[in-house]
Amino acid sequence: SARAGSAPAGPWRPPAGIRYGKDEKGFALAFQRRTPIPISPPTDSVALANEYDEWTPKFGVDYQVDSGAFDSLLLYASAARGFKSGGYNGINITNALIARAPYAPESNWTYEAGAKMDLLGRTLRINAAAFEARIDDLALNATVEVLPGVFDFPVQNAGKATVRGLELETTWVPTDALTVYLNASFLDGKYDSLNPTSAPAVAQLPRIPGNNNRLGVEAEPPQLPDYTFTLGFDYSIPTSFGRFNVGADWYRTDDYITAATNDFVIKAYDRFNGYVGVGIGEHWDLRLNARNIADDEQVYVGSRGLGGYLVLPPREVMLTLSYRL
């Protein structure tokens, strides 16, 4: 990689850089099936080799604002190109045809602007950013029913998509003993165009009973909850028996889909976590941690049509004793 650009005197600092990456990949698969399926021979083999390369530049500028209204204020903006190499489909439960179709690289341009500021005598810190990612050849894991009850799991290049978001990080230290924090993100994504044979495109077709590909849904990119946030605190004070520490946080996420096929939805859920601890002397720490204090059950991910589901962990409690040298 090579770096370009220099920082002139003054508050403006326009960084820039460029990187070149090249991947050479090979893939071999020997396929043997015990149960006959009329879409491929019972034995087969695949041997592939591909090269993927891309230049990925980055441009940016930041500006340190001198203002009496802030203890410090930094404004910045950037534009960067990202690249994820192509690859192969090694999960071939029913046939080797999927393995013969490598998926293409995914690339994007991401634009970001934000601010980092300290306020109230440097007791309040706020970092805020807005971004937009324009993605080409978005690579997604799909579940495709090739015959009734027979599934393949290819990685597909679904098409073009745009993802926009806002991110906020705040930390407030009203006293030496107490820290309060709030982190939040807001996301929105849409497909700009879809490859007509990709799982999201097929999922939009009118529903046909018994067809687990045609779902009659509006396709949207996965893993994009409208909002997530974490609100929490840490409190620490010295006592006669050691330093006492306590903290807790509340996490919440909105609904979102998990797969390219748009058929499995994670419902909005909350998680409450906390801890209490004490520092004994200069070296010992005793802490009790609890996760998912309310012991809520929540299905997290599933496999359509195959009955495989996972749930988030139940209440977890852990007592630790540590020694610092």
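Of the 325 residues of the protein, 37% count as buried, a class defined by a relative accessible area under 20%, with exposed set at over 50% and partly exposed in between (1.4 Å probe, protein chains only). The model is predicted, so local features are reported only at pLDDT of at least 70 and side-chain atom pairs only at pLDDT 80 or more, while totals for chains, interfaces and linings use all residues. Residues are numbered from 1 along each chain as its sequence is written, and side-chain values use heavy atoms, with hydrogens and water left out.

The protein contains one helix and 22 strands; helices (H or I, at least four residues) and strands (E, at least two) are DSSP runs numbered from the N terminus. Contacts are defined by heavy atoms within 4.5 Å. Among contacts between residues at least 6 apart in sequence, 61% join residues at least 24 apart. The protein exposes about 18,900 Å², of which carbon and sulfur atoms supply 57%; accessible areas come from the Shrake-Rupley method with a 1.4 Å probe, and for residues only the protein chains shown count as cover.

Strand pairing requires that DSSP find at least two bridges between two strands. Strand β5 (residues 72–84) and strand β6 (residues 106–119) run antiparallel and are joined by 13 bridges. Strand β6 is also joined to strand β7 (residues 124–136) by 13 bridges, again in the antiparallel sense.

The side chains of D118 and R122 meet in a salt bridge, with an N to O distance of 3.1 Å; the criterion is a side-chain nitrogen of Lys or Arg within 4 Å of a carboxyl oxygen of Asp or Glu. By the stated rule the count comes to ten salt bridges. Another of them is formed by the side chains of E54 and R81, at 3.5 Å from N to O. This pair links distant parts of the chain, with E54 in strand β4 (residues 43–65) and R81 in strand β5, 27 residues apart. E54 counts as partly exposed, at 23% relative accessibility.

Towards the end of the numbering, strand β18 (residues 269–280) pairs with strand β19 (residues 284–291) in the antiparallel sense over seven bridges. In this pairing G279 stands opposite D285 of β19. Three residues lie between the strands of the β18 and β19 hairpin, where G281 takes a positive phi near 65°. Strand β19 also pairs with strand β22 (residues 316–323), in the antiparallel sense and over eight bridges. Here L286 stands opposite L321 in β22.

D285 forms a salt bridge with R324, in which the closest N and O atoms are 1.9 Å apart. D285 lies in strand β19 and R324 in the segment after β22, so the pair ties together parts that are 39 residues apart in sequence. Both partners are partly exposed, D285 with a relative accessible area of 22% and R324 with 42%. Elsewhere, salt bridges that share partners join K22, E24 and E51 into one network.

A nonpolar surface patch of about 1,000 Å² is made by V276, I280, W284, L286, L288, V317, L319, L321, Y323 and L325. Patches are made of residues with over 30% relative accessible area and no salt bridge, like charges being joined within 9 Å and nonpolar side chains (Val, Leu, Ile, Met, Phe, Trp, Tyr) within 5 Å. Strands β18, β19 and β22 each supply at least two residues of the patch, and β22 gives the most, with four residues. One of the patch residues, L288, is placed in strand β19 and counts as partly exposed at 37% relative accessibility.

T170 lies in strand β12 (residues 159–172) and is buried, with a relative accessible area of 15%. Leaving aside neighbours within four places in sequence, T170 is in contact with R125, I126, V180, Y181, L182 and N183.
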